[in-house]
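Please consult the sequence and the structure shown below while reading.

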Amino acid sequence: MADVSDPKIQQAYLDVRSDKSDANWLLLDYESDRSDKLVVTRTGTGGVSELREALDDARASFAYARVTFANDKESQREKFVLVVWIGSGCKIMRKGKISVHTADVKGVLRVYAIEVAAREKDDLKEEPIVDRLRKAGGASYDGK
């Protein structure tokens, strides 16, 4: 079971969701290699591209991001994405616990349109994520 009790996690989540905050992503990492406690290690305002650069290949992490995209010529949409990151250098024992810990994280980072399982940074390219968000969002009036 992952420890997601740090109040900074809830505050970062609310900031990413808030229209009054510039923050549009947060990153949760394990406090140490042997700990199951998650802490907020970074937040940012540069979208998914900035989040990609914050990920460490030696770690397993969770991220939450707001993605804004044009729905058609007249409007924009905002959707939220949960990212489960398992870097290529992540230790075997940590990889084994991720599925169980993901359920605990989903209890805190509750509202999202899609979940992205990322193993390499290219899994977090913005265009494929936006395509998935459009499909998950139902009706599309721009022909995509």
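## A pair of strands

Strand β3 (residues 60-72) and strand β4 (residues 75-86) run antiparallel and are joined by twelve bridges. Within this pairing, Ser-61 has Trp-85 of β4 as its bridge partner. Strands (E, at least two residues) and helices (H or I, at least four) are DSSP runs, numbered from the N terminus; two strands pair if DSSP finds at least two bridges between them.

The model is predicted, so local features need pLDDT of at least 70 and side-chain atom pairs count only at pLDDT 80 or more, while totals for chains, interfaces and linings use all residues. Residues are numbered from 1 along each chain as its sequence is written, and side-chain values use heavy atoms, with hydrogens and water left out.

## The sheet

Five strands form an open sheet with mixed pairing, in the order β2-β1-β3-β4-β5. Because β2 (38-44) and β5 (114-118) stand at the edges with a single partner strand each, one side of each has no neighbour in the sheet.

## Helix α2

Which residues of helix α2 (residues 47-54) are buried? They are Gly-47, Val-48, Leu-51, Arg-52 and Ala-54, where buried means under 20% relative accessible area, with a 1.4 Å probe and protein chains only. These residues lie on the same side of α2, because they cover an arc of only 160° around the axis; the arc is that of the directions from the helix axis to the C-beta atoms.

The buried residues of α2 pack against β1, β2, β3, β4 and α4, contact meaning heavy atoms within 4.5 Å.

Technical notes. Buried < 20%, exposed > 50% of the residue type's maximum accessible area, 1.4 Å probe, protein only.
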